[in-house]
Amino acid sequence: MSRPWDLPEREATPEAAMLSRRKWLKRIGLASAAVAGAGGVAWWWKQAPDEDVLSAGQVLNQGVLYPAKRHEKFAELDRMVTDEAAAARYCNFYEFSSGKSVWQVIGPFQPAPWKLEVSGLVAKPRTFDMDDLLRTFNLEERLYRHRCVEAWAMAVPWTGFPLAELLRRVEPLPGAKFVRFVSFNKPEEAPRLRNVTYPWPYNEGLTLAEATNELTLLATGMYGHPLLKQHGAPIRLVAPWKYGFKCGKSLVKIELTDKQPATFWNTLSPHEYDFQANVNPDVPHPRWSQARERMLGTGEVRPTQHFNGYGEWVGGLYST
Ligand SMILES: Nc1nc2c(c(=O)[nH]1)N[C@H]1C(S)=C(S)[C@@H](COP(=O)(O)O)O[C@H]1N2
Ligand SMILES: [Mo]
């Protein structure tokens with residue numbers, strides 16, 4: 001459930017920092033400054049029903065793919081799975097909004113038909129049709145923790161397949177060292193893509209070693225059905241030991257390169273968003289201490305774990 005004290009934070013986005021205070025107060029409707037300290041739910045604050053949030057971004061569940069069989073290694077977590085509606089009503093998807101209520105404006109987005117190009121330094125470049133891709137790879141379900149650099153977290157069942165499987169098919173060339181992920185760019189469906197102050201399309205990158213780690217998934221579903229539009233339908237990256245901004249949504253291209261690619265947030269604000277972006281409680285972001293995290297839905301506050309608790313899988317990739 002959203003609480004009044006979430007209100008100021010839903011604007012606590014990189015963009016908010018660049019807005020003037022006057023503009024910011026106007027955005028949050030002045031009143032939230034008053035409720036922030038109050039503790040109780042303000043009389044005028046009525047949360048949208050869960051059904052509305054979940055139906056807004058729903059896409060057709062075709063065939064027999066979902067729910068997929070849960071991978072036994074990732075069948076349990078140290079915390080409760082986040083309520084689905086709580087996750088669906090609090091999203092980051094800058095193509096649609098700089099606030100969290102992406103579900104309210106996601107309607108025009110059409111995640112089908114869809115193609116994913118896999119190219120660059122590979123022997124067998126290939127463009128997958130989404131249906132074709134779903135037939136080619138075996139979907140499985142995994143429970144993972146997710147951690148946003150804004151210090152909120154969730155625990156969700158993703159459905160997807162290891163990115164390593166896809167990379168194996170296209171046969172990376174010896175010179176390939178990095179993998180670049182590019183999100184969709186259709187301003188007719190996402191007008192913020194016309195905002196020239198951002199280096200669109202949204203793009204991110206990993207080293208090839210990170211991309212082929214056992215943990216790294218391409219997710220096509222969540223909570224036992226296809227991804228809701230606001231979560232990055234029809235396909236997104238999941239790298240759970242990194243801050244969420246590394247995981248591009250609604251991907252159209254995966255490109256192998258020999259040089260570290262420029263990336264979206266790093267280009268906008270290099271001192272705030274580094275390329276590696278591994279979850280680390282000891283390295284504060286200029287605006288958010290990373291020592292603790294707050295779970296969506298319950299508001300529970302927990303200590304942040306190094307590598308988001310995935311050191312066993314990825315610790316060996318890094319010298320420090
Ligand atoms: N294309 C695109 N991908 C994106 C983002 C975005 O704004 N655009 N936001 C990122 C951030 S900051 C986070 S925390 C996660 C949030 O995923 P969720 O909204 O499904 O929880 O998506 C990431 N992927
Ligand atoms: Mo994030």
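Biologist: In which sense do strand β1 and strand β10 pair?
Modeller: This is a predicted model. Strand β1 covers residues 115-120 and strand β10 covers residues 251-257. Gly 120 stands opposite Leu 256 in β10. Four bridges join the two strands, and their sense is parallel.

Biologist: Which helix packs on the sheet and touches β1, β2, β5 and β10?
Modeller: The helix in question spans residues 163-170. Its direction makes about 60° with that of β10. This is helix α8.

Biologist: Which strands stand at the edges of the sheet, and why is one side of each left without a neighbour?
Modeller: The sheet is open, with five strands in the order β2-β1-β10-β5-β6 and mixed pairing. A strand at the edge has a single partner strand, so one side of it has no neighbour in the sheet. That applies to β2 (126-129) and β6 (203-207).

Biologist: By what angle are neighbouring strands of this sheet turned against each other on average?
Modeller: The pairing in this sheet is mixed. The average is taken with direction ignored. The angle is 15°.

Biologist: Which residue has a polar backbone atom 2.7 Å from a nitrogen atom of ligand 1?
Modeller: Ligand 1 is surrounded by 18 residues, the closest being Tyr 94, His 231, Arg 236, Cys 247 and Lys 249. Arg 236 places a polar side-chain atom 2.7 Å from an oxygen atom of the ligand. A polar backbone atom of Asn 92 is 3.1 Å from an oxygen atom of ligand 1. For the nitrogen atom, the residue is Cys 247.

Biologist: How much of the area that ligand 1 exposes when taken alone does the protein bury?
Modeller: Taken alone, ligand 1 exposes 530 Å². Of that area, the protein buries 98%.

Methods:
Residues are numbered from 1 along each chain as its sequence is written. Chains are lettered from A and ligands numbered from 1 in the order in which they are written. This is a predicted model: local features need pLDDT of at least 70, side-chain atom pairs count only at pLDDT 80 or more; totals for chains, interfaces and linings use all residues. Side-chain values use heavy atoms; hydrogens and water are left out. Two strands pair if DSSP finds at least two bridges between them. Axes are lines fitted to C-alpha atoms, for helices over the stretch in contact, and angles run from 0 to 180 degrees between N-to-C directions. Contact means heavy atoms within 4.5 Å. A residue is near a molecule or strand if one of its heavy atoms lies within 4 Å of it. A polar contact is a pair of N or O atoms within 3.5 Å; within protein, one must be able to donate a hydrogen and the other to accept it, and residues adjacent in sequence count only if both atoms are side-chain atoms. Accessible areas come from the Shrake-Rupley method with a 1.4 Å probe; for residues, only the protein chains shown count as cover.
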